[in-house]
Amino acid sequence: QNPNNGIYPTIEEIDADLKLLSKYTDRIRTYSALENPVIPAIAKKYGLKVTAGTYLDHRDQHDDDEIAALIQLVRDNDNIDQVLVGNETLLRNDMSTNSLIGYLDRVRAQVKVSVSTAEPWHIWEKYPELAKHVDFITTHLLPYWEKFPRKDAIGLGVLARYDKLQRLFPGRRIVIGEIGWPSAGDRKELATPSIEDESQFLRQWVQVAA
């Protein structure tokens with residue numbers, strides 16, 4: 001279960017993490033169907049719903065294996081209620097838009113849960129045709145990486161992007177799959193990482209989101 005000399009957590013560590021998370025949330029997101037396939041079953045033990053992900057890249061056989069594993073996970077775990085086919089796959093230029101659409105269509109034909117793919121807001125803007133092949137829009141809003149100063153991060157870096165997606169895809173459900181601010185690292189022009197800025201961002205975001 002732990003083939004990579006401790007790189008991946010043990011089942012016991014996953015169990016402990018999910019038990020802790022269940023005190024603060026009713027949902028988790030995974031990023032791969034092949035790695036740690038026990039997660040949905042452990043999550044169910046603690047009353048957690050799962051947004052199950054697949055990691056797609058430029059390896060055709062790997063991608064096919066991820067898709068097959070995802071479909072099996074959905075069939076085996078009734079607490080998976082939505083899935084993400086790929087994570088920032090187009091952002092990384094790992095495959096063409098048509099290839100990703102092919103995977104999305106394949107999964108939607110074989111599962112009875114909602115299907116999306118996760119990309120930063122500007123990828124949805126660049127490839128609006130993607131929206132025809134998903135049940136909801138999943139976006140990553142990461143103002144630090146867009147070099148916003150902390151004071152503008154929520155208003156301009158997050159809400160303005162979210163509003164733009166709402167205008168681009170009226171009436172569609174939009175899920176924020178990733179959001180945050182780093183506690184340490186390199187400065188991105190006017191965006192400075194610090195524990196204080198991270199704490200302020202998260203507090204403000206939780207209030208705004210509510």
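Residues are numbered from 1 along each chain as its sequence is written. Because the model is predicted, local features need pLDDT of at least 70 and side-chain atom pairs pLDDT 80 or more, while totals for chains, interfaces and linings use all residues, and side-chain values rest on heavy atoms, without hydrogens or water.

Helix α6 spans residues 153-168 (helices are DSSP runs of H or I with at least four residues, strands runs of E with at least two, numbered from the N terminus). Its 16 residues reach 21 Å from first C-alpha to last, close to the 22 Å expected (1.5 Å times one less than the number of residues). A kink of about 30° is centred on leucine 159, the bend being the angle between axes fitted to the seven residues ending there and the seven starting there. Ala153, Ile154, Gly157, Val158, Arg161 and Leu165 are the buried residues of α6 (buried is under 20% relative accessible area, exposed over 50%, partly exposed in between, with a 1.4 Å probe and protein chains only). They pack against α5, β5, β6 and α7, contact meaning heavy atoms within 4.5 Å.

Turning to the rings, four aromatic pairs are counted (ring centres of Phe, Tyr or the six-membered ring of Trp within 6.5 Å; planes under 30 degrees apart are stacked, over 60 edge-to-face, the rest tilted). Tyrosine 144 and tryptophan 145 pair edge-to-face, at 5.1 Å centre to centre and 75° between the planes. Tyrosine 144 is buried at 5% relative accessible area, whereas tryptophan 145 is exposed at 56%. Tyr144, Trp145, Trp181 and Phe201 form one aromatic cluster.
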